[in-house]
Amino acid sequence: MSEPILRAEGLRKGFPGVQALDGVDLSLCPGEVHVLLGENGAGKSTLIKMLSGAYRPDEGRVLMDGRQVDIRTAGDAQRLGISTIYQEFNLVPELSVAENLSLGRPPRRFGLIDKGAMVRQARELLARVEVDVDPRTPVARLGIARMQMVEIAKALALNARVLIMDEPTAVLTTSEVDKLFVLVRQLRDEGVAVAFITHHLEEIAAIGDRVTVLRDGRSVAEVPADTAQDELVRLMVGRPIDQQFPRRPAELGEPLLKVTGLSRRGAFDDVSFEVRAGEVVGISGLVGAGRTEVARAVFGADRYDSGEVTVRGRRLPPHDVHAAMEAGLGLVPEDRKGQGLVLTADIGENLGLVTLRDATRAGFVDRKGQRTAATKVADQLAIRMTGLNQEVRTLSGGNQQKVVIGKWLVADAHVLILDEPTRGIDVGAKVEIYQLVNELTDSGRAVLMISSDLPEILGMSDRILVMARGRLVGELAAGEATQDDVMALAVTEVEGSRAR
Ligand SMILES: Nc1ncnc2c1ncn2[C@@H]1O[C@H](COP(=O)(O)OP(=O)(O)OP(=O)(O)O)[C@@H](O)[C@H]1O
Ligand SMILES: [Mg+2]
(Lines give C-alpha, C1' and ligand atoms only; values in the text may rest on other atoms or scores of the structure.)
(Ligands and ions follow the chains in the order given, each with its own letter.)
Protein backbone atom coordinates (compact mmCIF):
# COMPACT_ATOMS: atom_id res chain seq x y z
CA MET A 1 0.00 0.00 0.00
CA SER A 2 1.34 3.43 -0.92
CA GLU A 3 1.53 6.36 1.49
CA PRO A 4 -1.89 7.87 2.14
CA ILE A 5 -2.67 11.27 0.63
CA LEU A 6 -5.05 11.92 3.47
CA ARG A 7 -5.04 10.47 6.93
CA ALA A 8 -7.52 11.13 9.72
CA GLU A 9 -6.63 10.14 13.27
CA GLY A 10 -8.84 9.86 16.32
CA LEU A 11 -11.59 12.14 15.06
CA ARG A 12 -14.35 12.91 17.55
CA LYS A 13 -17.43 15.03 17.09
CA GLY A 14 -20.39 15.55 19.38
CA PHE A 15 -23.74 17.23 18.88
CA PRO A 16 -26.20 18.06 21.66
CA GLY A 17 -27.31 14.69 22.96
CA VAL A 18 -25.24 12.51 20.63
CA GLN A 19 -21.60 11.56 20.15
CA ALA A 20 -21.69 11.28 16.34
CA LEU A 21 -18.03 10.31 16.02
CA ASP A 22 -16.14 8.71 18.84
CA GLY A 23 -12.63 8.01 17.60
CA VAL A 24 -12.32 7.39 13.88
CA ASP A 25 -9.19 6.65 11.83
CA LEU A 26 -9.16 6.66 8.06
CA SER A 27 -6.41 6.48 5.41
CA LEU A 28 -7.13 7.45 1.83
CA CYS A 29 -4.42 6.33 -0.59
CA PRO A 30 -3.76 7.44 -4.16
CA GLY A 31 -5.18 5.06 -6.74
CA GLU A 32 -7.58 3.46 -4.26
CA VAL A 33 -11.32 3.51 -3.77
CA HIS A 34 -12.02 3.37 -0.07
CA VAL A 35 -15.56 2.38 0.90
CA LEU A 36 -17.13 3.68 4.10
CA LEU A 37 -19.69 1.27 5.43
CA GLY A 38 -22.04 1.65 8.37
CA GLU A 39 -25.65 1.74 9.48
CA ASN A 40 -27.84 4.82 9.20
CA GLY A 41 -26.51 7.24 11.79
CA ALA A 42 -23.16 5.46 12.23
CA GLY A 43 -21.31 8.71 11.44
CA LYS A 44 -20.23 8.37 7.79
CA SER A 45 -21.51 11.76 6.63
CA THR A 46 -20.26 13.47 9.76
CA LEU A 47 -16.80 12.03 9.09
CA ILE A 48 -16.63 13.31 5.54
CA LYS A 49 -18.04 16.68 6.55
CA MET A 50 -14.95 17.11 8.71
CA LEU A 51 -12.74 16.42 5.70
CA SER A 52 -14.61 18.92 3.56
CA GLY A 53 -14.64 21.81 6.00
CA ALA A 54 -18.35 21.65 6.82
CA TYR A 55 -17.75 20.61 10.46
CA ARG A 56 -14.77 21.04 12.78
CA PRO A 57 -13.70 18.00 14.77
CA ASP A 58 -13.80 18.29 18.59
CA GLU A 59 -10.67 16.14 18.76
CA GLY A 60 -8.26 14.36 16.45
CA ARG A 61 -6.30 15.52 13.44
CA VAL A 62 -6.15 15.35 9.68
CA LEU A 63 -2.90 14.94 7.74
CA MET A 64 -2.31 15.58 4.04
CA ASP A 65 0.90 14.08 2.63
CA GLY A 66 1.98 13.48 6.21
CA ARG A 67 1.54 17.10 7.34
CA GLN A 68 -1.20 18.22 9.69
CA VAL A 69 -3.77 20.48 8.04
CA ASP A 70 -6.55 22.64 9.35
CA ILE A 71 -9.70 22.41 7.26
CA ARG A 72 -11.91 25.22 8.48
CA THR A 73 -13.97 26.00 5.41
CA ALA A 74 -15.07 24.49 2.12
CA GLY A 75 -12.52 26.81 0.50
CA ASP A 76 -9.71 25.26 2.59
CA ALA A 77 -10.75 21.79 1.45
CA GLN A 78 -10.89 22.91 -2.16
CA ARG A 79 -7.39 24.42 -1.97
CA LEU A 80 -6.09 21.15 -0.51
CA GLY A 81 -7.63 19.30 -3.45
CA ILE A 82 -10.48 17.68 -1.54
CA SER A 83 -13.73 17.59 -3.45
CA THR A 84 -16.96 16.35 -1.93
CA ILE A 85 -20.28 15.23 -3.33
CA TYR A 86 -22.75 15.43 -0.49
CA GLN A 87 -25.59 13.06 0.20
CA GLU A 88 -28.01 15.94 0.24
CA PHE A 89 -27.29 17.81 -2.93
CA ASN A 90 -25.54 21.11 -2.96
CA LEU A 91 -26.90 22.44 -6.22
CA VAL A 92 -28.86 25.67 -6.45
CA PRO A 93 -32.16 24.62 -8.05
CA GLU A 94 -33.02 28.04 -9.50
CA LEU A 95 -29.74 28.36 -11.38
CA SER A 96 -28.92 26.65 -14.65
CA VAL A 97 -26.70 23.59 -14.89
CA ALA A 98 -23.89 25.74 -16.32
CA GLU A 99 -24.17 28.28 -13.51
CA ASN A 100 -24.05 25.51 -10.94
CA LEU A 101 -20.97 24.00 -12.55
CA SER A 102 -19.06 27.26 -12.34
CA LEU A 103 -20.42 28.39 -8.99
CA GLY A 104 -17.93 30.61 -7.17
CA ARG A 105 -15.47 30.70 -10.07
CA PRO A 106 -17.25 31.62 -13.29
CA PRO A 107 -15.14 32.34 -16.39
CA ARG A 108 -14.72 36.08 -16.89
CA ARG A 109 -13.99 38.31 -19.79
CA PHE A 110 -13.20 41.99 -19.30
CA GLY A 111 -14.36 41.53 -15.72
CA LEU A 112 -17.79 40.30 -16.71
CA ILE A 113 -19.04 36.74 -16.48
CA ASP A 114 -18.47 35.11 -19.86
CA LYS A 115 -21.72 33.23 -20.40
CA GLY A 116 -20.62 31.65 -23.66
CA ALA A 117 -17.47 30.21 -22.09
CA MET A 118 -19.47 29.08 -19.10
CA VAL A 119 -21.87 27.09 -21.25
CA ARG A 120 -18.98 25.64 -23.31
CA GLN A 121 -17.09 24.50 -20.20
CA ALA A 122 -20.28 23.01 -18.80
CA ARG A 123 -20.90 21.14 -22.02
CA GLU A 124 -17.40 19.58 -21.86
CA LEU A 125 -17.86 18.50 -18.27
CA LEU A 126 -21.27 17.03 -18.98
CA ALA A 127 -19.81 15.13 -21.92
CA ARG A 128 -17.21 13.63 -19.55
CA VAL A 129 -19.96 12.19 -17.37
CA GLU A 130 -21.95 11.32 -20.50
CA VAL A 131 -25.07 13.10 -19.39
CA ASP A 132 -27.30 14.51 -22.03
CA VAL A 133 -28.64 17.84 -20.78
CA ASP A 134 -28.60 21.36 -22.10
CA PRO A 135 -26.31 23.35 -19.76
CA ARG A 136 -28.86 26.17 -19.80
CA THR A 137 -31.57 24.04 -18.15
CA PRO A 138 -32.47 25.10 -14.61
CA VAL A 139 -31.30 22.39 -12.19
CA ALA A 140 -34.78 22.24 -10.65
CA ARG A 141 -36.05 20.64 -13.85
CA LEU A 142 -33.48 17.84 -14.04
CA GLY A 143 -34.84 15.03 -11.95
CA ILE A 144 -32.80 13.48 -9.22
CA ALA A 145 -30.54 11.11 -11.22
CA ARG A 146 -29.34 13.78 -13.58
CA MET A 147 -28.79 16.19 -10.70
CA GLN A 148 -26.41 13.62 -9.28
CA MET A 149 -24.44 13.44 -12.52
CA VAL A 150 -24.19 17.24 -12.47
CA GLU A 151 -22.80 17.03 -8.94
CA ILE A 152 -20.16 14.65 -10.19
CA ALA A 153 -19.33 16.92 -13.12
CA LYS A 154 -18.91 19.73 -10.59
CA ALA A 155 -16.38 17.71 -8.61
CA LEU A 156 -14.50 16.89 -11.82
CA ALA A 157 -14.29 20.59 -12.58
CA LEU A 158 -12.16 21.03 -9.48
CA ASN A 159 -9.48 18.45 -10.45
CA ALA A 160 -9.50 16.89 -7.03
CA ARG A 161 -6.72 14.73 -5.49
CA VAL A 162 -9.22 13.39 -2.99
CA LEU A 163 -12.76 12.77 -4.16
CA ILE A 164 -15.38 12.01 -1.54
CA MET A 165 -18.77 10.68 -2.59
CA ASP A 166 -21.59 10.28 -0.09
CA GLU A 167 -24.02 7.68 -1.46
CA PRO A 168 -23.64 8.69 -5.10
CA THR A 169 -25.43 5.59 -6.38
CA ALA A 170 -28.49 5.92 -4.15
CA VAL A 171 -30.39 7.80 -6.85
CA LEU A 172 -28.95 6.09 -9.92
CA THR A 173 -30.21 3.18 -12.02
CA THR A 174 -28.06 0.20 -12.95
CA SER A 175 -26.85 1.64 -16.23
CA GLU A 176 -26.10 5.00 -14.63
CA VAL A 177 -24.17 3.25 -11.88
CA ASP A 178 -22.11 1.48 -14.54
CA LYS A 179 -21.27 4.83 -16.12
CA LEU A 180 -20.34 6.27 -12.75
CA PHE A 181 -18.04 3.33 -12.01
CA VAL A 182 -16.22 3.79 -15.30
CA LEU A 183 -15.60 7.39 -14.31
CA VAL A 184 -14.51 6.54 -10.78
CA ARG A 185 -12.09 3.87 -12.04
CA GLN A 186 -10.63 6.34 -14.49
CA LEU A 187 -10.04 8.89 -11.72
CA ARG A 188 -8.61 6.19 -9.46
CA ASP A 189 -6.18 5.11 -12.18
CA GLU A 190 -5.09 8.72 -12.53
CA GLY A 191 -4.04 8.53 -8.87
CA VAL A 192 -7.01 10.16 -7.17
CA ALA A 193 -7.87 8.87 -3.70
CA VAL A 194 -11.58 8.14 -3.62
CA ALA A 195 -13.81 7.74 -0.58
CA PHE A 196 -17.11 6.12 -1.43
CA ILE A 197 -20.16 5.66 0.77
CA THR A 198 -22.85 3.18 -0.19
CA HIS A 199 -25.54 0.98 1.32
CA HIS A 200 -25.48 -1.36 -1.69
CA LEU A 201 -23.25 -4.21 -0.61
CA GLU A 202 -22.81 -5.60 -4.11
CA GLU A 203 -21.13 -2.34 -5.13
CA ILE A 204 -18.34 -2.78 -2.62
CA ALA A 205 -16.47 -5.53 -4.46
CA ALA A 206 -17.33 -3.96 -7.81
CA ILE A 207 -15.74 -0.58 -7.15
CA GLY A 208 -13.86 -0.74 -3.85
CA ASP A 209 -10.33 -1.64 -2.86
CA ARG A 210 -10.61 -1.30 0.92
CA VAL A 211 -13.46 -0.88 3.37
CA THR A 212 -13.62 0.96 6.65
CA VAL A 213 -16.57 -0.09 8.77
CA LEU A 214 -18.07 2.46 11.15
CA ARG A 215 -20.27 1.45 14.03
CA ASP A 216 -21.74 3.89 16.56
CA GLY A 217 -19.24 6.56 15.62
CA ARG A 218 -16.18 4.31 15.82
CA SER A 219 -14.09 2.74 13.07
CA VAL A 220 -14.37 -0.93 14.00
CA ALA A 221 -12.57 -2.58 11.10
CA GLU A 222 -10.55 -2.02 7.97
CA VAL A 223 -10.86 -4.94 5.55
CA PRO A 224 -10.29 -5.66 1.83
CA ALA A 225 -13.24 -4.94 -0.45
CA ASP A 226 -13.59 -8.58 -1.49
CA THR A 227 -14.55 -9.58 2.06
CA ALA A 228 -17.71 -11.74 1.99
CA GLN A 229 -20.97 -9.76 2.26
CA ASP A 230 -22.13 -11.74 5.28
CA GLU A 231 -18.97 -10.78 7.09
CA LEU A 232 -19.35 -7.11 6.13
CA VAL A 233 -22.92 -7.13 7.44
CA ARG A 234 -21.81 -8.72 10.67
CA LEU A 235 -19.09 -6.09 11.15
CA MET A 236 -21.53 -3.31 10.38
CA VAL A 237 -24.68 -4.40 12.22
CA GLY A 238 -23.06 -6.55 14.86
CA ARG A 239 -25.24 -9.56 13.96
CA PRO A 240 -26.01 -11.55 10.81
CA ILE A 241 -29.18 -10.87 8.80
CA ASP A 242 -30.78 -14.10 7.68
CA GLN A 243 -33.47 -13.05 5.25
CA GLN A 244 -32.99 -10.09 2.97
CA PHE A 245 -36.50 -10.03 1.47
CA PRO A 246 -38.98 -11.39 3.95
CA ARG A 247 -42.14 -10.88 1.84
CA ARG A 248 -45.03 -12.70 3.45
CA PRO A 249 -47.98 -12.70 1.03
CA ALA A 250 -51.28 -11.77 2.64
CA GLU A 251 -54.84 -12.73 1.82
CA LEU A 252 -56.16 -10.54 -0.97
CA GLY A 253 -59.35 -8.54 -0.60
CA GLU A 254 -61.20 -5.87 -2.53
CA PRO A 255 -59.32 -3.55 -4.89
CA LEU A 256 -58.48 -0.47 -2.81
CA LEU A 257 -56.84 1.53 -5.58
CA LYS A 258 -58.12 1.55 -9.15
CA VAL A 259 -56.47 3.56 -11.87
CA THR A 260 -58.16 3.60 -15.27
CA GLY A 261 -56.87 5.06 -18.52
CA LEU A 262 -54.74 7.68 -16.83
CA SER A 263 -52.97 9.91 -19.38
CA ARG A 264 -51.01 13.11 -19.47
CA ARG A 265 -49.52 14.29 -22.70
CA GLY A 266 -45.75 14.04 -22.70
CA ALA A 267 -45.63 11.99 -19.50
CA PHE A 268 -47.79 8.84 -19.48
CA ASP A 269 -50.43 7.25 -21.62
CA ASP A 270 -53.46 5.07 -20.87
CA VAL A 271 -52.22 3.62 -17.59
CA SER A 272 -54.64 1.21 -15.92
CA PHE A 273 -54.09 -1.08 -12.94
CA GLU A 274 -55.46 -1.92 -9.53
CA VAL A 275 -54.05 -2.81 -6.16
CA ARG A 276 -56.07 -4.99 -3.82
CA ALA A 277 -56.22 -5.05 -0.07
CA GLY A 278 -53.31 -7.14 1.17
CA GLU A 279 -51.37 -6.75 -2.03
CA VAL A 280 -47.97 -5.30 -2.88
CA VAL A 281 -47.76 -4.24 -6.51
CA GLY A 282 -44.32 -3.22 -7.73
CA ILE A 283 -43.68 -0.86 -10.61
CA SER A 284 -40.40 -1.31 -12.39
CA GLY A 285 -38.87 0.51 -15.33
CA LEU A 286 -36.02 2.73 -16.36
CA VAL A 287 -35.59 6.27 -15.08
CA GLY A 288 -37.79 8.45 -17.23
CA ALA A 289 -40.32 5.67 -17.88
CA GLY A 290 -42.96 7.79 -16.15
CA ARG A 291 -43.34 5.88 -12.89
CA THR A 292 -42.93 8.82 -10.54
CA GLU A 293 -45.15 10.96 -12.78
CA VAL A 294 -47.95 8.39 -12.54
CA ALA A 295 -47.55 8.10 -8.78
CA ARG A 296 -47.76 11.87 -8.33
CA ALA A 297 -50.81 12.13 -10.58
CA VAL A 298 -52.58 9.31 -8.74
CA PHE A 299 -51.88 11.08 -5.44
CA GLY A 300 -53.21 14.35 -6.83
CA ALA A 301 -49.89 16.15 -6.63
CA ASP A 302 -49.90 16.70 -10.40
CA ARG A 303 -52.68 17.02 -12.95
CA TYR A 304 -53.67 14.53 -15.63
CA ASP A 305 -55.56 15.00 -18.89
CA SER A 306 -57.86 12.02 -18.77
CA GLY A 307 -58.58 8.88 -16.80
CA GLU A 308 -59.86 8.03 -13.34
CA VAL A 309 -58.48 7.26 -9.91
CA THR A 310 -60.63 5.45 -7.36
CA VAL A 311 -59.63 4.81 -3.76
CA ARG A 312 -61.77 2.50 -1.62
CA GLY A 313 -64.63 2.92 -4.05
CA ARG A 314 -64.47 6.72 -4.06
CA ARG A 315 -63.55 8.49 -7.26
CA LEU A 316 -60.95 11.16 -6.53
CA PRO A 317 -61.15 14.64 -7.99
CA PRO A 318 -58.02 15.19 -10.10
CA HIS A 319 -55.12 17.25 -8.76
CA ASP A 320 -56.42 17.35 -5.20
CA VAL A 321 -53.98 16.02 -2.62
CA HIS A 322 -56.29 16.73 0.29
CA ALA A 323 -59.09 14.66 -1.20
CA ALA A 324 -56.60 11.86 -1.84
CA MET A 325 -55.36 11.91 1.73
CA GLU A 326 -58.89 12.01 3.09
CA ALA A 327 -59.71 8.94 1.01
CA GLY A 328 -56.78 7.18 2.69
CA LEU A 329 -54.04 7.51 0.10
CA GLY A 330 -50.43 8.21 1.07
CA LEU A 331 -47.29 8.91 -0.96
CA VAL A 332 -43.69 8.54 0.13
CA PRO A 333 -41.95 10.58 -2.60
CA GLU A 334 -38.56 9.82 -4.11
CA ASP A 335 -37.27 13.27 -3.25
CA ARG A 336 -37.60 13.30 0.51
CA LYS A 337 -35.78 16.54 1.06
CA GLY A 338 -37.84 18.49 -1.45
CA GLN A 339 -41.26 16.98 -0.91
CA GLY A 340 -41.41 14.65 2.03
CA LEU A 341 -40.21 16.68 4.97
CA VAL A 342 -40.22 20.04 6.68
CA LEU A 343 -36.52 20.07 7.48
CA THR A 344 -36.59 22.82 10.07
CA ALA A 345 -39.43 21.22 12.03
CA ASP A 346 -38.81 18.50 14.57
CA ILE A 347 -39.39 14.77 14.15
CA GLY A 348 -42.65 14.76 16.09
CA GLU A 349 -44.08 17.56 13.98
CA ASN A 350 -43.05 15.86 10.76
CA LEU A 351 -44.58 12.58 11.85
CA GLY A 352 -47.80 14.41 12.64
CA LEU A 353 -47.92 16.43 9.40
CA VAL A 354 -50.70 14.45 7.77
CA THR A 355 -52.87 13.95 10.82
CA LEU A 356 -52.63 17.55 11.94
CA ARG A 357 -55.24 18.62 9.45
CA ASP A 358 -57.85 16.13 10.63
CA ALA A 359 -57.17 16.92 14.22
CA THR A 360 -57.60 20.67 13.84
CA ARG A 361 -60.73 20.32 11.79
CA ALA A 362 -62.40 18.66 14.71
CA GLY A 363 -61.82 21.97 16.49
CA PHE A 364 -58.71 21.21 18.50
CA VAL A 365 -55.31 19.67 18.06
CA ASP A 366 -54.80 16.50 20.02
CA ARG A 367 -51.09 17.09 20.54
CA LYS A 368 -50.77 14.46 23.20
CA GLY A 369 -52.40 11.75 21.10
CA GLN A 370 -50.27 12.75 18.19
CA ARG A 371 -47.09 12.57 20.27
CA THR A 372 -48.07 9.10 21.47
CA ALA A 373 -48.67 7.87 17.93
CA ALA A 374 -45.42 9.46 16.78
CA THR A 375 -43.46 7.81 19.59
CA LYS A 376 -44.87 4.42 18.66
CA VAL A 377 -43.98 4.80 15.00
CA ALA A 378 -40.49 6.18 15.72
CA ASP A 379 -39.97 3.09 17.84
CA GLN A 380 -41.35 0.73 15.24
CA LEU A 381 -39.00 2.16 12.60
CA ALA A 382 -36.07 2.37 15.03
CA ILE A 383 -35.44 5.99 14.08
CA ARG A 384 -32.07 6.95 15.51
CA MET A 385 -32.68 10.24 17.27
CA THR A 386 -32.14 12.05 20.54
CA GLY A 387 -35.91 12.56 20.86
CA LEU A 388 -39.03 13.61 18.98
CA ASN A 389 -37.97 17.23 19.35
CA GLN A 390 -34.78 16.79 17.30
CA GLU A 391 -34.84 18.81 14.08
CA VAL A 392 -35.25 16.57 11.06
CA ARG A 393 -32.48 18.50 9.30
CA THR A 394 -29.94 17.07 11.74
CA LEU A 395 -30.97 13.42 11.26
CA SER A 396 -28.81 11.13 9.16
CA GLY A 397 -30.06 10.58 5.60
CA GLY A 398 -31.51 7.16 6.20
CA ASN A 399 -33.28 8.25 9.33
CA GLN A 400 -34.90 11.14 7.46
CA GLN A 401 -36.31 8.59 5.04
CA LYS A 402 -37.76 6.64 7.95
CA VAL A 403 -39.55 9.79 9.12
CA VAL A 404 -41.17 10.21 5.68
CA ILE A 405 -42.50 6.66 5.83
CA GLY A 406 -43.48 7.06 9.47
CA LYS A 407 -45.64 10.06 8.68
CA TRP A 408 -48.06 7.84 6.74
CA LEU A 409 -48.05 5.19 9.41
CA VAL A 410 -49.15 7.78 11.94
CA ALA A 411 -51.83 8.90 9.48
CA ASP A 412 -52.89 5.28 9.03
CA ALA A 413 -53.08 5.40 5.20
CA HIS A 414 -55.03 2.56 3.56
CA VAL A 415 -53.20 2.71 0.26
CA LEU A 416 -49.55 3.62 0.42
CA ILE A 417 -47.52 4.54 -2.64
CA LEU A 418 -43.81 4.12 -1.95
CA ASP A 419 -41.49 5.72 -4.49
CA GLU A 420 -37.99 4.29 -3.97
CA PRO A 421 -38.71 3.58 -0.30
CA THR A 422 -35.34 2.18 0.74
CA ARG A 423 -33.08 4.62 -1.02
CA GLY A 424 -30.29 5.40 1.42
CA ILE A 425 -31.50 2.86 3.98
CA ASP A 426 -28.96 0.48 5.51
CA VAL A 427 -29.33 -3.31 5.10
CA GLY A 428 -30.66 -3.87 8.59
CA ALA A 429 -33.21 -1.05 8.45
CA LYS A 430 -34.34 -2.20 4.99
CA VAL A 431 -35.48 -5.47 6.46
CA GLU A 432 -37.38 -3.50 9.13
CA ILE A 433 -39.17 -1.53 6.41
CA TYR A 434 -40.02 -4.73 4.56
CA GLN A 435 -41.42 -6.22 7.76
CA LEU A 436 -43.55 -3.14 8.04
CA VAL A 437 -44.85 -3.64 4.50
CA ASN A 438 -45.82 -7.17 5.58
CA GLU A 439 -47.65 -5.82 8.60
CA LEU A 440 -49.45 -3.27 6.44
CA THR A 441 -50.71 -5.91 4.02
CA ASP A 442 -51.54 -8.29 6.87
CA SER A 443 -53.88 -5.63 8.20
CA GLY A 444 -55.57 -5.27 4.81
CA ARG A 445 -53.67 -2.26 3.48
CA ALA A 446 -52.54 -1.98 -0.13
CA VAL A 447 -49.02 -1.01 -1.20
CA LEU A 448 -47.85 0.29 -4.56
CA MET A 449 -44.06 0.24 -4.66
CA ILE A 450 -41.90 1.93 -7.27
CA SER A 451 -38.30 0.82 -7.14
CA SER A 452 -35.26 0.81 -9.37
CA ASP A 453 -33.73 -1.83 -7.16
CA LEU A 454 -34.52 -5.04 -9.06
CA PRO A 455 -33.85 -7.50 -6.22
CA GLU A 456 -36.16 -5.41 -4.04
CA ILE A 457 -38.98 -5.31 -6.62
CA LEU A 458 -38.66 -9.05 -7.22
CA GLY A 459 -38.28 -9.88 -3.56
CA MET A 460 -41.04 -7.72 -2.07
CA SER A 461 -43.86 -7.44 -4.65
CA ASP A 462 -46.63 -9.93 -5.31
CA ARG A 463 -47.10 -8.63 -8.82
CA ILE A 464 -44.81 -6.48 -10.96
CA LEU A 465 -45.93 -3.93 -13.51
CA VAL A 466 -43.31 -2.72 -15.95
CA MET A 467 -43.40 0.74 -17.48
CA ALA A 468 -41.56 1.98 -20.55
CA ARG A 469 -41.91 5.36 -22.19
CA GLY A 470 -44.99 6.35 -20.29
CA ARG A 471 -46.88 3.10 -20.80
CA LEU A 472 -47.48 -0.09 -18.92
CA VAL A 473 -45.82 -2.68 -21.12
CA GLY A 474 -46.18 -5.84 -19.10
CA GLU A 475 -47.10 -7.60 -15.92
CA LEU A 476 -45.17 -10.37 -14.17
CA ALA A 477 -45.89 -12.61 -11.22
CA ALA A 478 -43.08 -11.74 -8.82
CA GLY A 479 -42.56 -15.33 -7.72
CA GLU A 480 -41.60 -16.50 -11.20
CA ALA A 481 -39.99 -13.44 -12.75
CA THR A 482 -36.25 -12.86 -13.03
CA GLN A 483 -34.25 -9.63 -13.32
CA ASP A 484 -33.78 -10.37 -17.01
CA ASP A 485 -37.55 -10.69 -17.56
CA VAL A 486 -38.10 -7.30 -15.98
CA MET A 487 -35.28 -5.63 -17.92
CA ALA A 488 -36.43 -7.14 -21.23
CA LEU A 489 -39.79 -5.45 -20.74
CA ALA A 490 -38.33 -2.21 -19.40
CA VAL A 491 -36.42 -1.54 -22.61
CA THR A 492 -39.49 -2.18 -24.81
CA GLU A 493 -39.85 0.32 -27.61
CA VAL A 494 -43.42 1.54 -27.47
CA GLU A 495 -44.82 1.86 -30.94
CA GLY A 496 -47.02 4.83 -31.65
CA SER A 497 -46.92 5.96 -28.04
CA ARG A 498 -48.48 9.38 -27.69
CA ALA A 499 -46.71 9.93 -24.42
CA ARG A 500 -43.15 10.41 -25.61
N1 LIG B 1 -25.96 18.95 12.81
C2 LIG B 1 -26.28 17.94 13.62
N3 LIG B 1 -26.91 18.16 14.80
C4 LIG B 1 -27.25 17.14 15.61
N5 LIG B 1 -27.01 15.85 15.35
C6 LIG B 1 -26.39 15.56 14.20
C7 LIG B 1 -26.01 16.57 13.26
N8 LIG B 1 -25.42 15.98 12.21
C9 LIG B 1 -25.43 14.65 12.46
N10 LIG B 1 -26.02 14.40 13.66
C11 LIG B 1 -26.20 13.07 14.28
O12 LIG B 1 -24.97 12.37 14.19
C13 LIG B 1 -25.19 10.97 13.97
C14 LIG B 1 -24.42 10.52 12.74
O15 LIG B 1 -25.03 11.05 11.58
P16 LIG B 1 -24.45 10.85 10.12
O17 LIG B 1 -25.25 11.74 9.25
O18 LIG B 1 -22.98 11.04 10.14
O19 LIG B 1 -24.79 9.32 9.82
P20 LIG B 1 -24.53 8.46 8.50
O21 LIG B 1 -23.61 7.35 8.88
O22 LIG B 1 -24.12 9.33 7.40
O23 LIG B 1 -25.98 7.82 8.24
P24 LIG B 1 -26.84 7.57 6.86
O25 LIG B 1 -26.41 6.24 6.34
O26 LIG B 1 -28.26 7.50 7.35
O27 LIG B 1 -26.60 8.70 5.95
C28 LIG B 1 -26.69 10.82 13.86
O29 LIG B 1 -27.18 10.38 15.10
C30 LIG B 1 -27.20 12.21 13.54
O31 LIG B 1 -28.52 12.41 13.98
MG1 LIG C 1 -25.07 9.90 5.61
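The questions and answers below go through a predicted model, from its ligand to its strands and charged pairs.

Student: Which residues come nearest to ligand 1?
Tutor: A residue is counted as near when one of its heavy atoms lies within 4 Å. There are 21 residues around ligand 1. Of these, the ones that come nearest are Gly41, Lys44, Thr46, Ser396 and Gly398.

Student: How many Å lie between an oxygen atom of ligand 1 and a polar backbone atom of Gly398?
Tutor: Polar backbone atoms face ligand oxygen at several residues, and Ala42 has one at 3.2 Å. For Gly41 the value is 2.8 Å. For Gly398 the distance to an oxygen atom of ligand 1 is 2.8 Å.

Student: What percentage of the area that ligand 1 exposes when taken alone does the protein bury?
Tutor: Start with ligand 1 by itself, which exposes 640 Å². The share of that area buried by the protein is 91%.

Student: Which element gives the largest share of the shell around ligand 1?
Tutor: The elements that give two or more residues to this shell are strand E2 (18–28), helix H1 (44–51) and helix H15 (397–411). The largest share is three residues, and the element that gives them is H1.

Student: How many residues of the shell around ligand 1 are polar?
Tutor: The shell residues divide into three classes. Six are nonpolar and three are charged. The number of polar residues is 12.

Student: Which residues make the nonpolar surface patch of about 230 Å²?
Tutor: One member, Val491, lies in the segment after helix H18 (483–490). The patch as a whole is made by Leu286, Met487 and Val491.

Student: Which residue in E16 stands opposite Thr260?
Tutor: Strand E13 (residues 255–264) and strand E16 (residues 306–311) run antiparallel and are joined by five bridges. In E16, the residue opposite Thr260 is Glu308.

Student: Which residue in the turn between E16 and E17 has a positive phi?
Tutor: E16 is joined to strand E17 (residues 314–315) by two bridges, and the two strands run antiparallel. Val311 has Arg314 in E17 as its bridge partner. The strands form a hairpin with two residues between them, and the turn residue with a positive phi, about 50°, is Arg312.

Student: How far apart are the closest N and O atoms of Arg210 and Glu222?
Tutor: Side chains of opposite charge can pair when their charged atoms come close. The whole structure holds 29 salt bridges. Arg210 and Glu222 form a salt bridge, and their closest N and O atoms are apart by 2.8 Å.

Student: Why does this pair tie together parts that are apart in sequence, and by how many residues?
Tutor: Arg210 lies in strand E11 (residues 210–215), while Glu222 lies in strand E12 (residues 218–224). The pair therefore ties together parts whose separation in sequence is 12 residues.

Student: Which residue in E12 is the bridge partner of Arg210?
Tutor: E11 and E12 run antiparallel and are joined by six bridges. They form a hairpin with two residues between the strands, where Asp216 takes a positive phi near 50°. In E12, the bridge partner of Arg210 is Pro224.

Notes:
Residues are numbered from 1 along each chain as its sequence is written. Chains are lettered from A and ligands numbered from 1 in the order in which they are written. This is a predicted model: local features need pLDDT of at least 70, side-chain atom pairs count only at pLDDT 80 or more; totals for chains, interfaces and linings use all residues. Side-chain values use heavy atoms; hydrogens and water are left out. A polar contact is a pair of N or O atoms within 3.5 Å; within protein, one must be able to donate a hydrogen and the other to accept it, and residues adjacent in sequence count only if both atoms are side-chain atoms. Accessible areas come from the Shrake-Rupley method with a 1.4 Å probe; for residues, only the protein chains shown count as cover. Helices (H or I, at least four residues) and strands (E, at least two) are DSSP runs, numbered from the N terminus. Ala, Val, Leu, Ile, Met, Phe, Trp, Tyr, Cys and Pro count as nonpolar, Asp, Glu, Lys and Arg as charged, and the others, Gly among them, as polar. Patches are made of residues with over 30% relative accessible area and no salt bridge: like charges are joined within 9 Å, nonpolar side chains (Val, Leu, Ile, Met, Phe, Trp, Tyr) within 5 Å. A salt bridge is a side-chain nitrogen of Lys or Arg within 4 Å of a carboxyl oxygen of Asp or Glu. Two strands pair if DSSP finds at least two bridges between them.
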